[in-house]
Amino acid sequence: MKHRRFTALFLVPLLTLATACGANQSAQATEAQSQQQTNTHSQQDKSDSDSAKTSVADPTQGDWTETYSSPTDLDGELDKAWLKCAPQNNPDPEAFAWKRSTNHSKIWLHATKGRMNGATQRSCMADELDIPDATELTTSWTKTALGDYDRIQRQSNNSIDIVWQYSNAVTASLSAQTDSYRVTLPYS
């Protein structure tokens, strides 16, 4: 009987020690797995933001205007942002040119680099459209998808060009077509 009591007394601390070691190893394994998942999510987030940027053709092709004739000449959020940002943030007409596509789908800012960097103008558009203002200019046209809008930009020699346009999803949602007719709704 003494032998069994001794064994039982000896096994209880041994089991407690083994359980504690196992729990510690399990906690370390869980922590390592959590860290690995965090690293994986960080890498995915970075690749997702990188994949939102793509090279595109020159978006400045087409018909553009620098004026509007009346409030009925405005159509949608881009036009409203253009109307607010262009005249108030154009301190030097030789350094900046604001244009709006005649089909109301794009706004174009052309800035002569060296005189001003266009930061105030970009910031105004970002605020009006409620999109991020961060920008990395490259020598080729690069498109960044920003929800309902795309920002296409480049830096070329001594100029900066930025085009804001409605995303393809927004544009597609404004058109309905059947066999006998097609309807295109205004942006507003």
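Me: Before we look at single residues, what counts as a salt bridge in this predicted model?

Reply: A salt bridge is a side-chain nitrogen of Lys or Arg lying within 4 Å of a carboxyl oxygen of Asp or Glu, and the model in which we apply this is a predicted one. The general idea is that side chains of opposite charge can pair when their charged atoms come close.

Me: Which parts of the chain do aspartate 79 and arginine 100 tie together?

Reply: Aspartate 79 lies in helix H2 and arginine 100 in strand S3, so this pair ties together parts that are 21 residues apart in sequence.

Me: Is aspartate 79 buried or exposed, and is arginine 100 buried or exposed?

Reply: The cut-off to keep in mind is that buried means under 20% relative accessible area. Aspartate 79 counts as buried at 0% relative accessibility, and arginine 100, with a relative accessible area of 2%, is buried as well.

Me: How many salt bridges does the structure hold?

Reply: The structure holds seven salt bridges, one of them between the side chains of glutamate 66 and lysine 99, at 4.0 Å from N to O. Glutamate 66 lies in the loop between S2 and helix H2, whereas lysine 99 lies in strand S3, so the pair ties together parts that are 33 residues apart in sequence. Glutamate 66 is exposed, with a relative accessible area of 51%, while lysine 99 counts as partly exposed at 24%.

Me: What should I note about the salt bridge of aspartate 133 with arginine 122?

Reply: The closest N and O atoms of aspartate 133 and arginine 122 are 3.8 Å apart. Because aspartate 133 lies in the loop between helix H3 and strand S5, and arginine 122 in helix H3, the pair ties together parts that are 11 residues apart in sequence. Aspartate 133 counts as partly exposed at 27% relative accessibility, but arginine 122 is buried, with a relative accessible area of 15%.

Me: Turning to rings, how do I read an aromatic pair, and why is the pair of tryptophan 64 and tryptophan 108 edge-to-face?

Reply: The angle between the ring planes decides the class, with planes under 30 degrees apart counting as stacked and those over 60 as edge-to-face. The structure holds three aromatic pairs. In one of them, the rings of tryptophan 64 and tryptophan 108 have centres 5.2 Å apart and planes at 65°, so the pair is edge-to-face. This pair links distant parts of the chain, with tryptophan 64 in strand S2 and tryptophan 108 in strand S4, 44 residues apart, and both tryptophan 64 and tryptophan 108 are buried.

Me: Why is the pair of tryptophan 98 and tryptophan 164 stacked?

Reply: The ring centres of tryptophan 98 and tryptophan 164 are 6.1 Å apart and their planes stand at 10°, so the pair is stacked. Tryptophan 98 is in strand S3 and tryptophan 164 in strand S7, 66 residues apart, so that the pair links distant parts of the chain. Tryptophan 98 and tryptophan 164 are both buried.

Me: Finally, which cysteines form a disulfide, and why is the disulfide left-handed?

Reply: Cysteine 85 and cysteine 124 form a disulfide, with their sulfur atoms 2.0 Å apart, and the count comes to one disulfide. The torsion about the S-S bond is about -90°, so the disulfide of cysteine 85 and cysteine 124 is left-handed. Cysteine 85 in helix H2 and cysteine 124 in helix H3 are 39 residues apart, and the pair links distant parts of the chain; both cysteine 85 and cysteine 124 are buried.

Note on methods:
Residues are numbered from 1 along each chain as its sequence is written. This is a predicted model: local features need pLDDT of at least 70, side-chain atom pairs count only at pLDDT 80 or more; totals for chains, interfaces and linings use all residues. Side-chain values use heavy atoms; hydrogens and water are left out. Rings of Phe, Tyr and Trp (its six-membered ring) pair if their centres lie within 6.5 Å; planes under 30 degrees apart count as stacked, over 60 as edge-to-face and the rest as tilted. Helices (H or I, at least four residues) and strands (E, at least two) are DSSP runs, numbered from the N terminus. Buried means under 20% relative accessible area, exposed over 50%, partly exposed in between (1.4 Å probe, protein chains only). A disulfide is a pair of cysteine sulfur atoms within 2.5 Å.
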